[in-house]
Amino acid sequence: DMIPGTPGAQAALLTESLSAFVKPIAGPSYTAALPVIQAAFGDITGWGFWGSVAPEGNLATWGQNITFNGGPQGLMKLFDVGTPLGSIPSFVSDESLSYGRFNFDFKNLIPTLNDIIAALPEAQGQQIQPMAQMWGPMLQTPMETLGPEVHSFSSESDDEFNPMRTTLAIP
């Protein structure tokens, strides 16, 4: 029920099957990284992608859905997907090539990063912990003033090597 209307195309990637494919290629580093990935993002079991094109005009809509065993964890629980689609804000130009929006819980970013650091293997955690202790308190107050809305839109650029420019706006 997250897909508005009937999509023109749908695809799904089941990560449990992907894990069996990646593990022999990545070797022991995959096994070591898996607990960290799960602490940071949760136990993702699948990604769904959908899209459709409007019958008239240049409008295309697309989105993605993520499924989890046990619900989202870590950084993924900071995204709010319960907000209905709204109108495009006035600061997004009519010449924009794309537009996207999501809500992000910035006030809980630093505590979540601290939880992820605590879940790291001891040697890795000890390397990162001093930076987190120094920067976390300084960043917490500014983070509480951001969002929750995050708007992303792209436009053409005069740069021949980067013909598209993406802007993130956090009102």
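Which residues form a negative surface patch? The patch consists of Glu156, Asp158, Asp159 and Glu160. Patches are built from residues with over 30% relative accessible area and no salt bridge, where like charges are joined within 9 Å and nonpolar side chains (Val, Leu, Ile, Met, Phe, Trp, Tyr) within 5 Å. Lys and Arg count as positive and Asp and Glu as negative, while His and the chain ends are not counted. The place of a charge is taken as NZ of Lys, CZ of Arg, CG of Asp or CD of Glu.

The model is predicted, with local features requiring pLDDT of at least 70 and side-chain atom pairs pLDDT 80 or more, whereas totals for chains, interfaces and linings use all residues. Residues are numbered from 1 along each chain as its sequence is written, and side-chain values rest on heavy atoms, with hydrogens and water left out.

The chain contains four helices and seven strands, these being DSSP runs numbered from the N terminus (helices: H or I, at least four residues; strands: E, at least two). Read from the N terminus, the order of elements is β-α-α-β-β-β-β-α-α-β-β. Along the principal axes, the C-alpha atoms fill a box of roughly 55 × 40 × 40 Å. Of the 171 residues in the chain, 23% are buried; buried means under 20% relative accessible area, exposed over 50%, and partly exposed in between (1.4 Å probe, protein chains only).

Four of the strands form an open sheet in the order E4-E5-E6-E7, with antiparallel pairing. Its edge strands are E4 (79-80) and E7, each of which pairs on one side only. Two strands are said to pair if DSSP finds at least two bridges between them. Strand E4 is joined to strand E5 (residues 98-104) by two bridges, and Asp80 stands opposite Asn103 in E5.

Arg101 is partly exposed at 30% relative accessibility, and Glu149 is partly exposed at 32%. Lys107 and Asp105 also meet in a salt bridge, at 3.1 Å from N to O; Lys107 is partly exposed, with 47% relative accessibility.

The loops around E6 deserve attention next. Asp159, a member of the negative patch, sits in the loop between strand E6 (149-156) and strand E7 (164-169). With 34% relative accessibility, Asp159 is partly exposed. Pro148 belongs to the loop between helix H4 (122-144) and E6. The peptide bond from Gly147 to Pro148 is cis, with omega near 15 degrees. In general, most peptide bonds are trans.

Helix H4 also includes Met138, which is partly exposed with a relative accessible area of 47%. Together with Ile128, Met131, Met134, Trp135 and Leu139, Met138 makes a nonpolar surface patch of about 580 Å². Such areas come from the Shrake-Rupley method with a 1.4 Å probe; for residues, only the protein chains shown count as cover.

Finally, Thr61 lies in strand E3 (residues 60-69) and is partly exposed at 34% relative accessibility. The C-alpha atoms of Thr61 and Tyr99 are separated by 9.5 Å, although these residues are 38 residues apart along the chain.

Definitions and conventions. A salt bridge is a side-chain nitrogen of Lys or Arg within 4 Å of a carboxyl oxygen of Asp or Glu.
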